[in-house]
Each structure stands twice: as C-alpha cells, then as structure tokens.
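Biologist: I'm new to this one. Can you put it on screen and walk me through it?

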Amino acid sequence: MNKVESAPKITKETKNSIRVDFERTPLLERLKAKFVNVYFFQKVLVYLFKFLFLLGISYVILFPFYSKIASSFMSPEDFVDVTVSLIPRHPTLSTYKAIIIDNDYFKAFLNTLILSGSCAILQTFVCCLIGYGFAKFKFKGNSLLFLLVVFTMVIPHPTLQLSMFMKFRYFDIGIGKFSIFNFLGGGLMDSVNVIKNPYLNLINSYWPLIILSATGLAFKNGLYIFMLRQFFKGVPDELEESAYLDGSGVFRTFVQIILPLSVPMLITVFMFAFSWQWTDNYYTSVFFTTSGPLLMPKIVKVPKSLNTSYAGENMYVAAIRNTCGILILLPLLILYTFMQRYIIQGIERSGITG
Amino acid sequence: MNAAKSKNDDILGGSVKKKKRGASLDVRKARAGWWFVLPFIIGFLILYLPIVFDSIKYSFHEIRILTGGGFKLEWVGLQNYSDALFVDPSFVQTLTTGIRQLIIDIPAIVIFALFVAILLNGKVAGRAAFRAIFFIPVLLTTGLIADIDNANILMDSMESSEIDTGAGTNTVSEIVSVMDVQALFSNMMIGTELVEYVVNLVNNIFNIINRSGVQMLIFLSGLQSISPSIYESCSIDGASGWETFWKITLPMVSPMILVNTVYTVIDSFTSSSNSVMSYISRVYQQANGQVLSSAMSWMYFLIVMLIIAVVAAILSAFVFYQRRD
C-alpha cells in the first residue's frame with residue numbers, strides 16, 4: 001500500500017472549518033471484516049445457546065403454572081373432551097367461586113397472613129441479630145456455636161416430630177420447671193411413669209411457631225442465619241469502626257448503620273421466611289389438629305357444591321386441587337412481583353465468600 | 001467522650017463498672033457478640049436440646065397417651081431399632097434405594113445450579129426477567145404446593161402427546177425417551193448406565209430446577225464477588241472463555257461449591273419429598289408408629305451425617321481460598 005497516495009485530502013470548506021477526505025475501506029468490506037469471521041460466529045452461537053437454554057428452562061418452570069391456570073378455568077365438560085388440552089373451551093369461574101365460598105378461603109387467608117406475617121418478621125429480625133453476632137464479633141465459642149446452627153439445619157424434621165409435638169403439647173412453665181430442668185428431672189419421672197407437673201397445651205395456638213421463630217429455630221432458620229452472616233461479613237469493618245469512634249454503641253451502630261444498608265438482604269430473607277411459612281405443611285401438621293384455626297393446608301379439598309362424580313372425575317379433582325394451589329399462591333405471586341427487584345439486589349450485594 | 005463510653009458500658013449491661021472500664025474494645029465487642037447470639041443460645045439450650053434428647057429418649061421407649069392427660073413411657077431398649085432394621089419389611093430397602101437416588105441427584109443439582117448461575121451472571125437479553133423466573137420455584141413450589149404437584153395427574157396428561165381417555169391413569173410424560181438418547185449415544189463408547197443417567201436427569205429437569213434454587217442464589221452471589229479486573233487481565237493475556245472458566249471462575253467459586261454441596265445433601269436428605277422421608281412420616285401416622293419412626297430417623301440422621309462428613313472431607317481438599325486470614 002502506497003502511503004503517499006492514500007494521504008488524506010484536505011479541503012477548506014468555510015473560514016473556520018476544513019473537510020478531510022479519508023480514503024476509507026468501503027462499508028461492505030468493513031462489515032465483512034467485522035462480522036464474517038470465526039470469532040464473531042462463535043460469539044453468536046454461544047449467545048444463542050445461552051438464550052435458548054434459559055428460554056427452555058423458563059418454559060419448563062412456567063408451563064406447569066400455565067397448565068394449572070388454564071385448567072382452573074375449565075368447566076367439567078372440558079375434562080372429558082379429548083380435543084381440549086390447553087385452552088378451555090367453556091371457560092368458567094365456578095371452581096374459584098366454590099373454593100372461595102365453600103372452603104372459607106378468606107378466613108384461611110387472614111389466619112395464615114397473621115401467622116406467616118408475624119413469624120416472618122420475627123425470624124428476619126432474630127436471624128439478622130444472630131447472623132450479625134456471628135459475622136462481626138470474635139468471641140470464644142463463635143465457631144462452635146455456628147456449628148450448632150448448622151446442626152439444627154442437618155437434623156431431619158421427622159426426627160423431632162414426636163418430641164416437638166410432645167414439648168408443646170405438655171409445655172411447662174413456672175420457676176424451676178423450665179424445660180431444661182424438666183429434662184434433667186425426666187429420668188426421675190420415668191420411674192413414676194407419669195408426668196405430674198401442670199402443663200400448658202400450646203397445640204392449636206400460634207405460640208409454638210412464634211416461640212420457635214423468636215429463638216431462630218423455625219423452618220430453615222439456619223439457612224437465613226448463614227445467609228445473613230455471609231452478608232454481614234462482606235460489610236467493611238471501617239463503617240462500624242468510624243461509628244465507634246464517634247461514640248456510638250454496638251447496638252446503636254447495628255440499628256442506625258448496619259440495618260439501613262442491609263435492607264435488600266432483609267427483604268430477601270423476609271420473602272423466604274414468609275413464603276415458606278405460607279406454604280408450610282410440616283409444622284402446621286405437627287402443631288395444629290383438625291380443630292385448630294383454619295389455615296391454608298385445610299382449604300385444599302373438593303368444595304361441597306361441586307359435583308365431581310362423572311367420567312372425568314380424576315382430572316376434575318386434580319384441577320380443583322390445582323385451583324386451590326393457585327389461590328394459595330396468588331398473594332405470594334403478587335408480593336413477589338413487588339419484591340423481586342430487592343431480592344435480586346440482595347443477592348448481588350451479598351457477596352458470599354464461603 | 002466519657003459520657004459516650006459509660007453509655008456504651010450501660011448498653012453492654014455490666015454491673016461491675018470499674019472492671020468494664022479497663023476492658024479493651026476487643027473484649028467489650030466480644031461481650032456484645034454474646035448479646036447478639038443470645039436468642040439462639042437460649043432457644044437452643046432450653047428448647048432445642050431437650051427436644052433432641054427427648055427424641056433420642058423416645059426412640060428407646062414405648063409411648064402411651066393416658067386418658068387423664070399426660071403420657072406414659074415404657075423402656076424397651078433397642079427394640080425399636082431392631083424392629084426398624086429386621087421386622088419392618090421395607091425400611092432397609094427404601095433406605096438403600098433412597099440414598100442411592102440422592103447420591104445420583106446431588107452432583108446434578110450442584111452442576112446445574114453453577115451452570116445456570118454462570119449464564120445468569122453473563123450478558124443475556126432479558127436477564128432480569130430470567131432471574132425473576134428462575135427464583136419462582138424456590139419461593140413458591142415448596143411444602144403444600146409441592147404436595148399438590150406430587151399427586152398431580154393433570155399436568156402429566158397435558159404434557160403428553162398421547163390422547164388420554166379421561167380416566168387420567170398411566171400417562172407418562174417424558175421429554176426425551178430412553179430409546180432416542182440411546183440411538184444418539186450408540187456410536188459413542190459410553191456405557192449404558194451413563195446414558196440412562198443422562199436420560200433420567202433430562203426427565204427430572206423440573207425436579208432438579210425446583211431443588212437448585214438456593215444453590216443458584218449462593219453461586220450467583222459468589223460469582224458477583226469475583227473482581228472483574230481478574231477477568232479483564234485474563235482476556236488481555238489472551239485466555240479463552242473455556243480457560244477462564246477452569247482457571248479463574250472454578251477456583252474462585254470452589255468455596256461455594258463446598259457450601260452448596262453440603263447444603264444440597266442436607267436439603268435433599270431432609271426434604272419431605274424424598275422416599276425415605278415420606279416412608280418415615282407414613283410410619284409416624286401408623287398406630288404406635290411414632291417411636292418407631294423416631295428410631296428410624298435417628299439411624300437415617302447418622303447415615304446423613306456420615307455422608308456429609310465424607311463429602312466435606314473430599315471437597316475441602318480441592319477448595320481454593322483467595323484470602324488467607
């Protein structure tokens with residue numbers, strides 16, 4: 001290539017501006033060089049693969065929801081009609097109406113809201129305290145205590161099902177008869193074979209779950225403590241040190257400095273606690289008998305007013321159960337659409353480092 | 001300053017003030033640490049520990065609820081354990097098949113979670129929407145909803161291309177059939193077991209997605225914490241994406257792999273949907289089955305602990321920590 005020949009031509013356009021004419025490669029050539037090569041091709045392929053893979057997985061996740069929603073609007077005739085599979089032919093709201101009225105949906109909704117709301121707030125706050133304690137303070141037995149937290153996670157629920165029920169069925173209070181002493185005296189009691197102490201029956205009340213939440217022992221609280229501990233470990237120590245220098249106490253620093261900056265993480269934990277308590281059927285089956293308050297698990301049944309005995313019975317019953325599921329999930333879905341932004345933020349900022 | 005300090009002491013709750021004044025900041029902070037974890041300590045000591053010990057105690061007893069209130073315990077020694085192992089017809093079998101199934105599932109879940117987390121961390125159109133969708137199962141398809149889904153014939157029949165008679169029985173929905181994949185892999189020198197493994201995974205994909213939500217979350221936050229400058233210097237030195245993954249991403253997330261594997265083991269061994277768990281809770285509902293079920297679950301627990309110890313020991317040899325402090 002001759003450099004002298006391809007030197008740019010400069011022409012004076014007006015008094016203050018000049019125009020430079022470069023001898024550029026034609027547009028087509030430039031585009032070719034940019035797009036028709038192995039690297040670009042590879043990039044596009046990888047990108048397409050990524051996108052399609054994510055799309056496929058999203059389909060797998062969302063399809064069951066779609067099929068549930070579609071079947072919830074189907075009328076009984078649609079289940080015997082083989083040509084109807086995904087779009088209801090005779091859309092109806094009778095299933096929803098029957099469940100809401102016959103199964104007392106709103107009562108269950110209110111009860112579960114009170115229970116889940118209070119438990120989730122308590123759990124978030126208590127786990128936050130505990131997680132902060134583990135993350136930022138080096139006291140003796142820190143790692144041993146944290147091992148105990150992991151231990152509470154590892155024990156399978158059914159292992160403790162019976163003794164948990166017994167603990168709250170025969171919950172004893174009063175000086176000297178706190179559970180720890182009761183346990184120590186338990187060996188003596190066995191010879192008599194009967195527990196004579198007065199006890200408190202907490203079954204069918206919200207107290208067992210509240211007590212468990214307040215002590216960080218409720219469902220998956222070990223996980224929350226772990227998540228929050230990792231989050232607080234990522235918060236730079238300098239923040240607190242400067243607060244201490246300005247004369248702020250440990251708890252004040254926690255409330256005024258640490259809590260405000262961990263709001264996204266707190267919302268994440270709250271969402272977990274709330275949703276898992278909302279759809280929980282393990283603890284509710286342990287602590288609540290049939291005569292207890294109406295909670296969500298109890299509304300999953302076929303409403304009285306719907307007649308299900310016909311050819312498509314199995315399908316219809318399944319659809320009704322799914323509709324109950326949708327009604328249970330609906331509040332959570334609405335909550336999730338609002339909170340989703342914070343959850344992603346919470347994840348991005350948590351910076352868990354093993 | 002002085003006032004602040006004494007206020008600090010007050011908050012830390014000390015009766016002996018003179019002694020406190022001499023305590024260094026570290027000591028005072030350590031004391032405050034105890035206050036923070038106090039709820040857990042109280043709960044663990046007066047609630048959880050007795051419950052655990054009671055459970056062990058009950059597993060050695062026969063239990064009767066008395067009509068007048070209260071209950072009666074009869075010492076039977078190891079009888080519940082021997083009943084579970086030798087008298088109960090299907091406990092041992094359920095245990096072995098269940099554990100084998102879980103050992104197969106666990107690597108799949110961890111690898112899938114890592115893979116998706118890397119995809120969700122990169123630049124893809126609609127990333128925010130994908131992230132929102134991927135966390136739906138963790139939050140929503142648990143407990144009650146999972147129970148409804150387990151007994152669900154409707155979704156199966158909707159997914160299958162076969163025409164259902166309406167009776168809704170025996171319609172198996174498979175995304176990929178074993179035959180297709182076997183045809184695909186027949187030319188490669190891969191054992192049939194591996195092929196079946198892959199087919200199982202593909203057909204269980206919904207299950208795996210449901211169970212890998214929290215792991216995805218932990219991986220994602222781990223990936224976020226890797227400094228972008230490392231990747232930048234890598235690409236300047238001419239490393240390909242493949243090399244970057246093996247030399248940078250994998251070592252950097254290896255602590256998370258350990259955490260996630262242990263979590264997956266715990267989560268899948270204690271989830272109510274696995275066969276051993278549902279068997280134990282079925283036994284619990286039987287007449288006089290409560291103590292038998294707690295004996296069973298204690299044995300199960302010991303096995304789980306053993307597996308966790310083995311897994312953690314193997315994996316921790318490969319974990320790379322960036323900071324050694």
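**Helix packing and other contacts**

Modeller: In chain B, α13(B) passes α15(B) in a right-handed crossing. Right-handed here is clockwise: a crossing is left-handed if the near helix is turned anticlockwise from the far one by less than a right angle, and right-handed if clockwise. Helices (H or I, at least four residues) and strands (E, at least two) are DSSP runs, numbered from the N terminus.

Biologist: Before we go on, what kind of model is this?

Modeller: This is a predicted model: local features need pLDDT of at least 70, side-chain atom pairs count only at pLDDT 80 or more, and totals for chains, interfaces and linings use all residues. Residues are numbered from 1 along each chain as its sequence is written, while chains are lettered from A and ligands numbered from 1 in the order in which they are written.

Biologist: Back to that pair. At roughly what angle do the axes of α13(B) and α15(B) cross?

Modeller: At roughly 170°, and the axes come within 10 Å. Axes are lines fitted to C-alpha atoms, for helices over the stretch in contact, and angles run from 0 to 180 degrees between N-to-C directions. That makes α13(B) roughly antiparallel to α15(B). The cut-offs: under 35 degrees is roughly parallel, over 145 roughly antiparallel, 65 to 115 roughly perpendicular, and the rest oblique.

Biologist: Which residues of α13(B) and α15(B) make the contact?

Modeller: Among them are F219(B) and L223(B) of α13(B), and V253(B) and Y263(B) of α15(B). Contact needs C-beta atoms, placed from the backbone, within 7 Å. By class, this contact of α13(B) with α15(B) has 8 nonpolar, 4 polar and no charged residues. Ala, Val, Leu, Ile, Met, Phe, Trp, Tyr, Cys and Pro count as nonpolar, Asp, Glu, Lys and Arg as charged, and the others, Gly among them, as polar.

Biologist: And how do α5(B) and α13(B) cross?

Modeller: Their axes come within 8 Å and cross at roughly 45°. Therefore α5(B) and α13(B) are oblique to each other. Their crossing is right-handed. The α5(B) side includes I109(B), V110(B) and L114(B), and the α13(B) side includes M216(B) and F219(B). The residues there divide into 12 nonpolar, 2 polar and no charged.

Biologist: What about α5(B) with α15(B)?

Modeller: Helix α5 (residues 91–121) and helix α15 (residues 241–270) of chain B pack at about 135°, with axes 10 Å apart. So α5(B) and α15(B) are oblique to each other. That crossing is right-handed. I109(B) and V110(B) are among the α5(B) residues here, and N260(B) and T264(B) among those of α15(B). The classes are 9 nonpolar, 5 polar and 1 charged.

Biologist: New topic. How is chain B divided into domains?

Modeller: Into domain 1 (18–79) and domain 2 (82–316), with bounds from an automatic or database domain assignment. In chain B, 9 residues of domain 1 are in contact with 7 residues of domain 2. On the domain 1 side, α3 (25–58) and β1 (61–65) of chain B are the elements that give two or more residues.

Biologist: And chain A? How many helices and strands?

Modeller: Chain A has 15 helices and 2 strands. Buried residues make up 37% of its 354 residues.

Biologist: I clicked on D104(A). Where does it lie?

Modeller: D104(A) is in the loop between α4 (94–102) and α5 (105–136) of chain A. D104(A) counts as partly exposed because it has 15 C-beta neighbours inside 10 Å. Buried takes 20 or more other C-beta atoms within 10 Å, exposed 12 or fewer, and partly exposed is in between, with C-beta atoms placed from the backbone.

Biologist: What does D104(A) touch?

Modeller: L294(A) and I299(A), not counting residues up to four places away in sequence.

Notes
Contact = placed C-beta atoms within 7 Å.
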